[in-house]
Amino acid sequence: MGKNCEICGRPSGFFPLCKTCNELKEDGKIVKCETCGSWHESDKECKNCNNDKDNIIDISTQDTCLICGEDSNGYHFCTKCFHKFNNKEVIIKISNCQNAEVLESQYNNKKITAYDGHIVKSNEEARIDDYFYTHNINHRYEKEYTPNNQELGTIYPDWILPNYKDLGDVYVEYWGVKNNENYNRQKDYKMKIYKEDKVTLICLYPEDMDNLTDKLDYKLKRCEKGKIN
């Protein structure tokens, strides 16, 4: 198992470029985008950044979400984008009082790539994601979760391990921020949902990163179904 080359799509092991494209990089024919961090041919524009130019949303009506353009019921953000970007810095360009374009956000422009290609938000999250990948554990990053109580909004757990052994779906959260009031409110909101829905949850903290492999080995082995672990 491994990655595919960002340029030609051929297998590249755990590296973003295959051997051939890496040699082209040494010759200056392939360069790294200074904006998003992806690789592209030096005589062509970065596809990722070029595609971003098309993400302009019409917000001429009051009921339009600034992020995705979907109905927002009179608010600046729809429920989905509110929970997805809550407590995250987002820079939005608004032109002619009707067009909105997301220029940058801590959520989707922090380009830290895990072994399996997942774009994560921190080096710690990359290490956790890499653990699942190297241990052949099926995992999905930030897949939306809809609470049983429909009055509560959708949340985005850090990871879900679908049908993990005899435990069913196991969710994993890395609580990496301390002493932040907004972050704590978001954490409490998610924990309330996990407890009410009796979700099988594994919690990780900054102190677990010192010996992550042993900690995750232990937590996965001792995990109890329907409980906060």
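The model is predicted, with local features requiring pLDDT of at least 70 and side-chain atom pairs counted only at pLDDT 80 or more, while totals for chains, interfaces and linings use all residues. Residues are numbered from 1 along each chain as its sequence is written, and side-chain values use heavy atoms, with hydrogens and water left out.

The chain contains six helices and 13 strands, where helices (H or I, at least four residues) and strands (E, at least two) are DSSP runs numbered from the N terminus. Of its 229 residues, 38% count as buried; buried denotes under 20% relative accessible area, exposed over 50%, and partly exposed the range in between (1.4 Å probe, protein chains only). Among contacts in the chain with a separation of 6 or more, 40% involve residues 24 or more positions apart, a contact being heavy atoms within 4.5 Å.

An open sheet is formed by four strands in the order β10-β11-β12-β13, with mixed pairing; two strands pair if DSSP finds at least two bridges between them. Strands β10 (140–141) and β13 are at the edges with a single partner strand each, so one side of each has no neighbour in the sheet. β10 and β11 (residues 159–161) run antiparallel and are joined by two bridges, and Arg 140 has Ile 160 of β11 as its bridge partner. The pairing of β11 with β12 is also antiparallel and comprises three bridges, with Leu 161 opposite Val 170 of β12. β12 (residues 170–174) and β13, in contrast, run parallel and are joined by five bridges. In this pair, Glu 173 stands opposite Cys 203 of β13, and the bridge partner of Tyr 174 is Leu 204.

Burial was examined for β12 and β13. Five of the five residues of β12 are buried, so this strand is largely enclosed by the rest of the structure. Val 170, Val 172 and Tyr 174 lie on one side of β12 and Tyr 171 and Glu 173 on the other, and both faces are covered. Strand β13 (residues 200–204) is likewise mostly covered, with five of its five residues buried. Thr 200, Ile 202 and Leu 204 point one way from β13, whereas Leu 201 and Cys 203 point the other way.

Helix α6 touches β11 and β13, and its direction makes about 160° with that of β13. Axes are lines fitted to C-alpha atoms, for helices over the stretch in contact, and angles run from 0 to 180 degrees between N-to-C directions.

Two packed helices are described by the angle between their axes and the distance between the axes. The axes of α4 (residues 123–134) and α6 (residues 212–222) come within 11 Å and cross at roughly 60°. The two helices are therefore oblique to each other; angles under 35 degrees count as roughly parallel, over 145 as roughly antiparallel, 65 to 115 as roughly perpendicular and the rest as oblique. The crossing is right-handed, meaning that the near helix is turned clockwise from the far one by less than a right angle. Arg 127, Ile 128, Tyr 131 and Phe 132 of α4 make the contact with Leu 212, Thr 213, Leu 216, Asp 217 and Leu 220 of α6. These residues divide into six nonpolar, one polar and two charged (nonpolar: Ala, Val, Leu, Ile, Met, Phe, Trp, Tyr, Cys and Pro; charged: Asp, Glu, Lys and Arg; polar: the others, Gly among them).

Positive phi values occur in two residues that are not glycine, Asn 163 and Lys 198. Asn 163 is in the loop between β11 and β12, has phi near 50° and is exposed, with a relative accessible area of 61%. Lys 198 is in the loop between α5 and β13, has phi of about 55° and is exposed at 64% relative accessible area.

Lys 195 lies in helix α5 (residues 181–196) and counts as exposed at 55% relative accessibility. Lys 195 and Ile 228 are 33 residues apart in sequence, with a C-alpha to C-alpha distance of 7.4 Å. Asn 22, in helix α1 (residues 19–26), is partly exposed, with a relative accessible area of 31%.
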